[in-house]
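Hi,

Here is the structure we talked about handing over. Have a look at it first, and then read on for what turned up.

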Amino acid sequence: MGPKQRLRLTTKIIALVDALGNLVRFVLRPGQAHDLQGVKPLIEGVSFGAFLGDKAFDANWLREELENRGALAIIPPKSNRKIQYDYDEAAYCWRHLVENYFAKIKEFRGIATRYDKTDSSYTANLNLVAALIATR
């Protein structure tokens with residue numbers, strides 16, 4: 001098997017959605033990898049005014065990247081962080097759009113149960129599902 005044909009037992013989908021909850025792009029990561037590893041390729045070349053993420057996305061390098069772009073970082077700080085950052089709790093409530101998108105893609109059994117044996121076929125099915133959801 002080639003590098004793109006790798007078999008993974010678990011796969012994590014890191015997704016970027018717009019303000020309406022529509023998929024912008026996604027990245028597949030190994031299930032045991034941290035979510036932050038997929039953020040850099042996910043936001044590369046995409047302009048946005050705010051980034052809403054959960055505590056897993058609370059990293060100094062990401063906050064600096066967002067500040068350099070002029071985007072708001074709406075990320076609750078981890079409890080063990082020495083410097084506790086403020087965030088807009090009212091705006092953070094809109095993060096449910098990402099969770100709603102994951103609920104939509106999990107309606108498709110092949111995505112939810114990861115029947116595909118290769119990353120490339122799983123990516124193709126995710127793209128197909130995204131197109132079907134967008135036409136609804």
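**R25 and its surroundings**

The side chain of R25 comes within 3.2 Å of the backbone oxygen of L42, a polar contact (a pair of N or O atoms within 3.5 Å; within protein, one must be able to donate a hydrogen and the other to accept it, and residues adjacent in sequence count only if both atoms are side-chain atoms). Before going further: this is a predicted model, where local features need pLDDT of at least 70 and side-chain atom pairs count only at pLDDT 80 or more, while totals for chains, interfaces and linings use all residues. Residues are numbered from 1 along each chain as its sequence is written, and side-chain values use heavy atoms, with hydrogens and water left out.

R25 sits in strand β2; helices (H or I, at least four residues) and strands (E, at least two) are DSSP runs, numbered from the N terminus. With a relative accessible area of 30%, R25 is partly exposed (buried is under 20%, exposed over 50%, partly exposed in between; 1.4 Å probe, protein chains only). Setting aside neighbours within four places in sequence, R25 is in contact (heavy atoms within 4.5 Å) with I14, A15, L16, P41, L42, I43, E44 and V46.

**G38**

G38 is in the loop between β2 and α1 (39-43). Its relative accessibility is 0%, so G38 counts as buried. Residues touched by G38, leaving out those up to four places away in sequence, are I14, V27 and R29. G38 and I13 are 25 residues apart along the chain, and their C-alpha atoms are separated by 8.8 Å.

Which side chain does the side chain of D58 make a polar contact with? That of R81, at 2.8 Å. The side chain of R81 also has a polar contact of 3.0 Å with the side chain of N60. D58 lies in the loop between β3 and α2, and R81 in the loop between β4 (72-74) and α3 (89-92). Both are charged residues by type, and both are out of the solvent by the cut-off above: D58 counts as buried because its relative accessibility is 4%, and R81 counts as buried at 16%. Apart from residues up to four places away in sequence, D58 touches R63, I75, P76, P77, K78 and R81, while R81 touches D58, A59, N60 and R63.

R63 belongs to helix α2 (residues 60-69), where L62, R63 and L66 are buried. Seen down the axis of α2, these fall within an arc of 100°, so they line one face of the helix; the arc is that of the directions from the helix axis to the C-beta atoms. E67 and N68, on the other side of α2, are exposed. The cover over the buried residues of α2 includes α1, β3 and β4. Just after α2, G70 has a positive phi of about 80°.

In α4, the buried residues are L97, V98, Y101, F102 and I105. Their arc, seen down the axis of α4, is within 145°, so they too line one face of the helix. They pack against β1, β2 (23-30), α5 (109-113) and α6 (119-134).

**Empty space**Rolling a probe the size of a water molecule over the atoms shows where empty space is left. On a 1 Å grid over the protein atoms alone, a cavity is a set of points where a 1.4 Å probe fits but cannot get out, and a pocket is an open set with protein on both sides within 12 Å along at least five of seven lines; lining residues have an atom within 4 Å of a point. Grid points are joined across faces, edges and corners, and a volume is the space filled by probe spheres set on the points.

The largest pocket holds about 590 Å³. It is lined by 28 residues, with A15, L16, V17, L52 and V98 the closest to its centre. Elements giving two or more residues to this lining are β1 (11-17), β3 (50-52) and α4 (96-105), and β1 gives the most, with six. By type, the pocket lining has 20 nonpolar, two polar and six charged residues (Ala, Val, Leu, Ile, Met, Phe, Trp, Tyr, Cys and Pro count as nonpolar, Asp, Glu, Lys and Arg as charged, and the others, Gly among them, as polar).

There is one cavity of 30 Å³ or more, with about 40 Å³ of space in the largest cavity. I13, A15, L23, F26, Y101, I105, L126 and A130 line the largest cavity, and β1, β2, α4 and α6 each give two or more residues to that lining. The cavity lining is made up of eight nonpolar residues, no polar and no charged.

Cheers
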